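Here is a note to read beside the model. Keep the structure open and find each residue as it comes up.

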Amino acid sequence: MSVPTIVVHRDADILAKAVAARIITRLVDAQSAKGSASLVLTGGTVGIATLAAIAATPARDAVDWPHLDIWWGDERFLPDGDPERNETGARRALLDHVDVDPERVHVMLGPDSGLTAEESADAYATELRKAARPEDHGPAPSFDVTLLGMGPDAHVASLFPGMPALYDTRPVVAVHGSPKPPPTRISLTMPTIRASREVWVVAAGAEKAGAVRLALSDSGTMQVPAAGARGRSRTLFLLDRAAAAKIPPGLGRIASP
């Protein structure tokens with residue numbers, strides 16, 4: 001796994017705009033190299049603000065949207081269109097404003113599909129397997145970029161400290177008893193996240209500073225899930241100054257204005 005690079009921006013607004021610019025550049029580079037690209041989305045305040053920033057910039061037109069696969073790192077097991085679903089926020093912020101191919105927007109199904117949470121997770125795992133290529137060497141694609149938010153408890157996706165999902169080796173898992181509502185969710189597992197070419201952990205706010213410090217230290221993944229969120233070729237921790245305030249001395253960082 002790659003060693004994290006730390007990038008610090010002044011505040012959450014600048015952070016969202018900077019991450020948006022990075023995403024556009026990374027997707028254009030990937031599409032130039034191989035004709036298509038894959039992006040795993042996250043929810044949360046900064047995650048959705050990042051998507052809105054992509055929609056707001058004319059540079060978004062540099063992306064070949066019909067040749068982009070959109071995935072999610074996790075989803076709340078709620079009906080289609082529920083405002084609490086990560087998909088709903090992503091559609092309103094970005095996906096409804098760009099020319100994505102509906103067949104390449106890979107949604108985690110909710111209870112209105114008639115599936116249980118376990119069946120929804122299995123269905124998503126099937127989609128991942130279909131999209132994986134021989135060179136991915138596994139049951140899921142090596143995503144070009146996996147965006148992850150991080151909670152004050154250092155959870156990523158819906159992988160919470162000490163919960164059984166962290167031990168699961170399947171590509172996707174149903175999560176029950178989440179400490180954050182709603183209690184039932186669908187999540188990529190740590191092996192699927194680690195199969196990504198690049199993992200970007202995005203965090204803002206002073207309440208995240210302790211979790212950031214632990215995630216960048218020698219902490220165990222079972223108690224600090226973000227400590228295990230690493231990409232094959234690159235890992236970025238994209239932070240605002242408040243979230244970066246407790247980073248241990250001696251860790252390299254790239255400070256941005």
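How many bridges join E6 to strand E7?

1. **The E6 and E7 pair.** Four bridges join E6 to strand E7, residues 185-188, and the two run antiparallel. Val-173 stands opposite Ser-187 in E7. Helices (H or I, at least four residues) and strands (E, at least two) are DSSP runs, numbered from the N terminus. Two strands pair if DSSP finds at least two bridges between them.

2. **Ground rules.** This is a predicted model: local features need pLDDT of at least 70, side-chain atom pairs count only at pLDDT 80 or more, and totals for chains, interfaces and linings use all residues. Residues are numbered from 1 along each chain as its sequence is written, and side-chain values use heavy atoms, with hydrogens and water left out.

3. **The open sheet.** Three strands form an open sheet, in the order E4-E7-E6, with antiparallel pairing. Strand E4 (74-76) and strand E6 (172-175) stand at the edges. Each has a single partner strand, so one side of each is left without a neighbour in the sheet. Neighbouring strands of this sheet are turned by 15 degrees against each other on average, direction ignored.

4. **A helix across the strands.** Helix H4, residues 117-131, lies across E6 and E7. H4 runs at about 165 degrees to E6. Axes here are lines fitted to C-alpha atoms, for helices over the stretch in contact, and angles run from 0 to 180 degrees between N-to-C directions. Contact means heavy atoms within 4.5 Å.

5. **Aromatic pairs.** How many aromatic pairs does a search of the whole structure find? The search finds two. Rings of Phe, Tyr and Trp (its six-membered ring) pair if their centres lie within 6.5 Å; planes under 30 degrees apart count as stacked, over 60 as edge-to-face and the rest as tilted. The ring centres of Trp-71 and Tyr-124 are 5.7 Å apart, and the planes stand at 85 degrees, so this pair is edge-to-face. Trp-71 lies in strand E3 (residues 68-72) and Tyr-124 in helix H4, so the pair ties together parts that are 53 residues apart in sequence.

6. **The other pair.** Trp-71 and Phe-143 form a tilted aromatic pair, 5.9 Å centre to centre with 55 degrees between the planes. Phe-143 lies in the loop between H4 and strand E5 (145-149), while Trp-71 is in E3, so the pair ties together parts 72 residues apart in sequence. Trp-71, Tyr-124 and Phe-143 form one aromatic cluster.

7. **Buried or exposed?** Trp-71 is buried, with a relative accessible area of 1%. Tyr-124 counts as buried at 1%. Phe-143 counts as buried at 0%. Buried means under 20% relative accessible area, exposed over 50%, and partly exposed in between (1.4 Å probe, protein chains only).

8. **Strand E5 and its partners.** E5 is mostly covered: four of its five residues are buried. Two bridges join strand E2 (residues 37-41) to E5, running parallel. Leu-39 stands opposite Val-145 in E5. Four bridges join E5 to strand E8 (residues 198-203), also running parallel. The bridge partner of Leu-148 in E8 is Val-201.

9. **Helix H1.** The buried residues of H1 include Leu-15, Val-19, Ile-23 and Arg-26. At the start of H1, a side-chain oxygen of Asp-11 reaches to within 3.2 Å of the backbone nitrogen of Asp-13. Just after H1, Gly-35 takes a positive phi of about 90 degrees.

10. **Arg-104.** This residue is in the loop between helix H3 (86-93) and H4. Arg-104 is buried, with a relative accessible area of 18%. Its C-alpha atom is separated by 6.2 Å from that of Ile-70, 34 residues apart along the chain.

11. **His-155.** Look in the loop between E5 and E6 for this one. His-155 is buried at 8% relative accessible area. A polar contact of 2.7 Å joins the side chains of His-155 and Asp-153. A polar contact is a pair of N or O atoms within 3.5 Å; within protein, one must be able to donate a hydrogen and the other to accept it, and residues adjacent in sequence count only if both atoms are side-chain atoms.
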